[in-house]
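Hello,

Here is the structure I promised to pass on. Please open it first, then read my notes below.

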Amino acid sequence: MEIYNQYISTKLQNHFLAQEKGHKKTSFWATDCEKPLFDLYHEWIGTPPTNPMTAEKLVMFSAAKMLEVALVKKLQTIGLVKNAETQTKIEMERYGLPVTGYIDAVFVDDTPLEIKTFYGEYQARELRNNKPKTSYLKQLAVYMDALKADRGKLIYMDRGTGEMFEFTLLREKDNKYKMLDIEFNLDETYERWASLYNNNVLPKVEPLSGYRYKYPLEQFIVNASKSDISAARTNRAVYGDWQVKYSPYKNLIIEREGTTLGYSDEELKKIKELTKGYSSKF
């Protein structure tokens, strides 16, 4: 039976990897609201990712999506949302640009619902403090804009515990949106996209990353936490912007920054000098 070890998982991973290939970008997506401009630019011009999503992550995201679909179907069963068999696609033009997306569900009163699943106590604590991710709220706002809805709902569900968090986003005048003390103007997102498209994508002028893989080493003394310093001293993690860590173009950003993956021996020596006795300072 040795031949069958990992057979199913390998088949699934290969399936998702094949699906991930060949998505040509022809519009801005609702999920692009807070995506780094450097990443968006390279998606538009078709640059192959230097750090594509792993098969394991693709399987994980697919499983999370199936959970969201199951929740939508249950909401349809109890009469809260419309047809749960297919997502509602939006297609519109803003600032001369095509904007598209797929709404998880539409309530019977024609307002959109966006569902997110997560795992981990840190995110749960943030949600208990009424701090959903603004990128998700902006994604929902795009759907509200497309449906001309003045209200939308964002629901989070903890995959580990089943705990759910519910947030209502309200549309005010002049394309402004509000959820408790979180406020934003969606036109700023559209303007950001238009600037990138007209000033970078069309003339093929690469924008600066806007995020750093490595902060200047001197910043350790001022801003780094004890855990950041510990990880850096042992070369387990680089002290920099988290956006780069999760970018599909991480290696390209590192190349543009003129640095290397991880810390060099020289950098580690300097870090240890700068943070000597750090454990007694916290």
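This is a predicted model: local features need pLDDT of at least 70, side-chain atom pairs count only at pLDDT 80 or more; totals for chains, interfaces and linings use all residues.

β5 and strand β6 (residues 151-158) run parallel and are joined by six bridges. Strands here are DSSP E runs of at least two residues, helices are H or I runs of at least four, and both are numbered from the N terminus. Two strands pair if DSSP finds at least two bridges between them.

Residues are numbered from 1 along each chain as its sequence is written, and side-chain values use heavy atoms, without hydrogens or water.

Now the other side of β5. Strand β4 (residues 105-106) pairs with β5 in the antiparallel sense, through two bridges. Ala105 has Leu113 as its bridge partner in β5. Five residues lie between the two strands of this hairpin, and Asp110 there has a positive phi near 70 degrees.

How many residues of strand β5 (residues 112-118) are buried? Seven of the seven are, so β5 is largely enclosed by the rest of the structure. Buried means under 20% relative accessible area, exposed over 50%, and partly exposed in between (1.4 Å probe, protein chains only). Pro112, Glu114, Lys116 and Phe118 point one way; Leu113, Ile115 and Thr117 point the other.

Zoom out. The open sheet has six strands, in the order β4-β5-β6-β7-β8-β9, with mixed pairing. Its edge strands, β4 and β9 (182-185), each pair on one side only.

Best wishes
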